[in-house]
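The report below follows a single residue first, then the contact between the chains, and then each chain on its own.

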Amino acid sequence: MSSMLKLVAIIVMAPAVAMAEHHHHGMVTGEAEQGSSFAAGLSLVAAQFDTMEYGGEYQGLVPSLRWSHDRFAVMASLGVYRLQKNGLELYGAGDAMVHGQARLVGDGHVNAGLALAVSAPTGDNLQGLGMGHPMVMPAAYGHWGQGMVSVDGSVGYGRAIGGESHHAHGVWPLIEPMNMQEVTFAASGDVVLAKQLRAGGRVSGAMPIGDGISRVIGGVRVLWTEGRVDTAFEIQAGIAGDPFTLRGVLETALRF
Amino acid sequence: MKLLVLALFVLGCGRDTPTPTETQCPSPDPETVTYENFGMQFMETYCLQCHSETLPRSQRNGAPLFHDFDDLIGILQVGNHIDEQAGSGPAASNHFMPPERCPAEPGGPLAIDCPQPTEAERQKLAEWMACEPDRPHSF
């Protein structure tokens, strides 16, 4: 039974957690993977926002590719969005993201490692689609699992590269707002509900270093696996800092 | 000689903080470009169809709140933003605003080309933004 549960955990947890976390800069946490795997994923995101200067909504499609081998994993993603802000509708790409990580200690149910995400300013900063600067985001993560319960956590740092421009319109960009320099954190917990079904919750956020706005996001999610397809759905709420009012993320990935 | 150079330097300087386009107000301020003889008409022609406090968020064509140019107070609150979006000076000639397309009616579809200031008007805008903050106001 214990072995079956572990097998289920490996199949269900790792890719699904990776997908569900991609809006936290691609962090891949969860049960340690063995061998190599490749996955192609697609996320659908929809959100409403209401900041001091802007109100509106956005919807996006975010395709991603992920490759992992033993203790290493690499993921890349680039979203395209429809943004409606203060009555103006526009379309465009967000910032491209590449994420790499290495598990340093532990195996199986308890492990920890380091990660590095880099984003390129492919999104139109003036319209609120992107940061306007490359971003470098190193982080440390940890995972603990026991029986049907698992807990993940991470702390990181984000910094804009090149220039000292400021975000003149408060929370910015409107899609995936970040500060020019910040400390990030995330904590999540999941429980296995059935053979192929998991549910959990997450809190994540950031505190600026220097000028900026702190933000906190809370979410609840459900994840399920059918064959080689992993799917997750998460509802998120902006708790502090106006990153958004409400956001829904539906993610699915096919493992090869 | 050193005192003369220093005096000329001081007299030649305008506001302490340069504008985004690095336009400097002549010293003394000649007050040739003012809200009454330039700014009000400029805003009415090129900006108020979106940057007006009378417009709700849904009818602002993307213009942020608190960037309303119906009066001088609203303009001076975000003077540097105006310069870096539409002014022209030694460091930059900014054509981010007005955008290419505008609604024919507030909140309507982007049915018409936005009227565009000339380069000379953008230079006057930058000069006005460099001078106006340091002028005395009754508010």
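## Surroundings of Thr32(B)

In this predicted model, Thr32(B) touches Asn37(B) and Glu127(B), when residues up to four places away in sequence are left out of the count. Thr32(B) itself is placed in the loop of chain B that lies between helix 1 (2-12) and helix 2 (35-46).

A second residue gives a sense of distance within the chain: Ala63(B) is 31 residues from Thr32(B) in sequence, and the C-alpha atoms of the two are 29 Å apart in space.

## Contact between chain A and chain B

The size of an interface is often given as the accessible area lost when the parts come together. For chain A and chain B the buried area is about 1,100 Å², and carbon and sulfur atoms contribute 57% of that area. The residues that take part in the contact number 13 from chain A and 15 from chain B.

Which side chains form the salt bridge between the two chains? Asp50(A) and Arg57(B) do, with an N to O distance of 2.8 Å, and the count of salt bridges between chain A and chain B is 1. Polar contacts between the chains come to 7 residue pairs, where both residues of a pair have pLDDT 80 or more. On the side of chain A that touches chain B, the residues divide into 5 nonpolar, 5 polar and 3 charged.

## Chain A

The secondary structure of chain A consists of 1 helix and 14 strands. Chain A has 256 residues, and 50% of them are buried; its accessible surface comes to about 10,700 Å², with 68% belonging to carbon and sulfur atoms.

## Chain B

Chain B contains 5 helices and 2 strands, and, read from the N terminus, these elements follow the order α-α-α-α-β-β-α. How many of the 139 residues of chain B, as a percentage, count as buried? The share is 38%, while the accessible surface of chain B comes to about 7,900 Å², of which carbon and sulfur atoms hold 59%.

Among contacts in chain B with a sequence separation of 6 or more, those between residues 24 or more positions apart account for 59%.

Technical notes: Residues numbered from 1 in each chain as written. Chains lettered and ligands numbered in written order. Predicted model: local features only at pLDDT ≥ 70, side-chain atom pairs only at ≥ 80, totals over all residues. Heavy atoms only, no water. Helix = DSSP H or I, 4+ residues; strand = E, 2+ residues; numbered from the N terminus. Contact = heavy atoms within 4.5 Å. Buried area = accessible area lost by both parts, 1.4 Å probe. Salt bridge = Lys/Arg side-chain N within 4 Å of Asp/Glu carboxyl O. Polar contact = N/O pair within 3.5 Å; in protein donor to acceptor, adjacent residues only side chain to side chain. Nonpolar A, V, L, I, M, F, W, Y, C, P; charged D, E, K, R; others polar. Buried < 20%, exposed > 50% of the residue type's maximum accessible area, 1.4 Å probe, protein only. Areas by Shrake-Rupley, 256 points an atom, 1.4 Å probe, with all protein chains shown as cover.
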